[in-house]
Amino acid sequence: MPGRHYSKFIPPSLAMSELECQKLDNDATDMLIDKWLERPHRPDSYYDWFQRVRERKHLANASARRDQVLLWNKGVFVPENIFTRTVDTGRLIPLDRTWVTHVYHHRSMKRLTMMPVIFSMLPELMLLRGMHDRGCDEIYVIVTDLKRHEMDQVTDYFKYVCQNTAQGYCKPSVEQKINHDYILLNNALDRRTPCFPQIDLTLRAILHEKRPPFIVLFSHQTMSYSQILFAHPSFVPSKDMYYDFPSGCPNPGCTDNCCELIRFPKLGPENAAVLSPSSRKKVRYRYGRRARSKEMCNWIECDVCFSDERDTLPSSGSEGSSEGSVEGSDHGSDYSTGSSKAFTGLVCSRCKLVKYCSADHQRRDWEEHKRACAKPLGES
């Protein structure tokens with residue numbers, strides 16, 4: 001292999017991987033989304049789930065701004081009308097943002113188009129892309145032919161390795177277990193395509209060099225099965241937000257987790273495959289990008305962060321004034337007066353779900369936010 005020596009205890013280089021990469025650009029994603037929307041929606045478990053989302057309530061208080069929210073208040077069933085709270089910036093933004101997909105596969109699969117691979121888990125990828133404001137312009141998928149129980153074994157191995165080698169060293173007992181499990185998996189998956197060493201090398205290299213919030217292991221079996229591996233607990237959706245999300249089983253009434261074709265985290269980190277420990281200790285080998293949740297101005301082009309004391313106060317004319325407010329989205333609160341350093345932002349007085357650093361940024365965001373802005377159910 002080219003590059004430096006491959007090790008199970010330090011992140012390898014992506015240049016060492018023998019897997020081929022097929023790139024699906026933003027236009028390809030748009031085409032797949034349009035094709036998905038053209039399908040007859042009834043009976044369709046995903047469409048029914050989004051309809052249930054439309055009927056859910058949100059609370060008009062501070063906790064609603066902290067918790068992740070998924071809204072479809074207005075308009076027809078298209079991604080631009082469905083909004084989700086991001087886990088990294090706290091913004092409420094639509095699902096219509098596309099992405100570039102990098103699909104790594106064995107050379108024997110090069111005659112197969114990878115478009116059906118992405119199409120088979122498009123709803124999940126749309127939500128995962130929408131839940132991350134930054135770092136999800138590129139999504140990484142490794143195609144395998146692992147069986148369901150083999151996928152679970154590989155997932156447990158990666159979780160153990162990443163959580164115990166991030167400090168750059170590990171105890172002899174841990175090193176012995178990693179070597180033992182690696183040999184067992186290598187022997188058990190000897191006839192799999194690609195082989196386990198290539199899966200191991202490519203996945204850990206992507207996590208270390210590209211640092212995505214998550215990576216997908218896709219099994220190209222008759223009944224496709226996928227595992228979503230998150231780089232850090234903070235990149236996992238909020239608990240209970242997707243508790244009734246479809247399992248992906250062809251049976252529309254199936255809710256059995258054992259039958260899930262895509263292991264989507266329905267209960268937050270509790271049932272998600274998380275690779276990095278939640279500890280804040282300084283690590284030598286970082287898998288995935290640095291996890292730092294922020295609360296930012298909802299205007300997508302603004303970099304003001306309300307949770308960071310280094311941010312400056314807003315410019316004149318935006319100190320809680322309702323002057324120039326847009327229809328249906330008045331300024332109902334201003335920054336806190338308890339501290340001269342902290343700025344808590346201007347909260348939309350109608351939906352109580354988004355914050356802005358100034359009235360100007362609220363006006364700029366109104367064209368988009370008005371599709372989600374509505375008073376909570378139960379309010380007059």
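Predicted model: local features only at pLDDT ≥ 70, side-chain atom pairs only at ≥ 80, totals over all residues.

Biologist: OK, how many salt bridges does a search of the whole structure find?

Modeller: It finds 13. One of them joins arginine 97 and aspartate 133, at 3.3 Å from N to O. Arginine 97 sits in the loop between β4 (92–94) and β5 (100–105), and aspartate 133 in the loop between α5 and β6, so that pair ties together parts 36 residues apart in sequence.

Biologist: Are arginine 97 and aspartate 133 buried or exposed?

Modeller: Both are buried. They also belong to a salt-bridge network with Arg91.

Biologist: What about aspartate 360, what does it pair with?

Modeller: Arginine 364, with the closest N and O atoms 3.2 Å apart. Both residues are in helix α9 (residues 359–369), four residues apart, or about one turn of the helix. Aspartate 360 is partly exposed with a relative accessible area of 30%, and arginine 364 is partly exposed at 46%.

Biologist: Switching topic: where does arginine 134 lie?

Modeller: In the loop between α5 (122–130) and β6 (138–144). Arginine 134 has a relative accessible area of 34%, so it is partly exposed.

Biologist: What does arginine 134 touch, leaving aside neighbours within four places in sequence?

Modeller: Its contacts include Asp88, Arg91, Pro213, Arg289 and Asp303. Its C-alpha is 9.7 Å from that of valine 87, which is 47 residues away along the chain.

Biologist: Which residues make up the patch of negative charge on the surface?

Modeller: Asp25, Asp27, Asp30, Asp34 and Glu38. Aspartate 34 lies in helix α1 (residues 26–38) and is partly exposed, at 44% relative accessibility.

Biologist: Last one, what's the overall picture?

Modeller: The protein has nine helices and 12 strands. Of its 380 residues, 51% count as buried. Among contacts with a separation of 6 or more, 70% are between residues 24 or more positions apart.

Technical notes. Residues numbered from 1 in each chain as written. Heavy atoms only, no water. Patch = residues over 30% accessible without salt bridge, like charges linked within 9 Å, V, L, I, M, F, W, Y side chains within 5 Å. Areas by Shrake-Rupley, 256 points an atom, 1.4 Å probe, with all protein chains shown as cover. Salt bridge = Lys/Arg side-chain N within 4 Å of Asp/Glu carboxyl O. Lys, Arg positive; Asp, Glu negative; His and termini not counted. Charge placed at Lys NZ, Arg CZ, Asp CG, Glu CD. Helix = DSSP H or I, 4+ residues; strand = E, 2+ residues; numbered from the N terminus. Buried < 20%, exposed > 50% of the residue type's maximum accessible area, 1.4 Å probe, protein only. Contact = heavy atoms within 4.5 Å.
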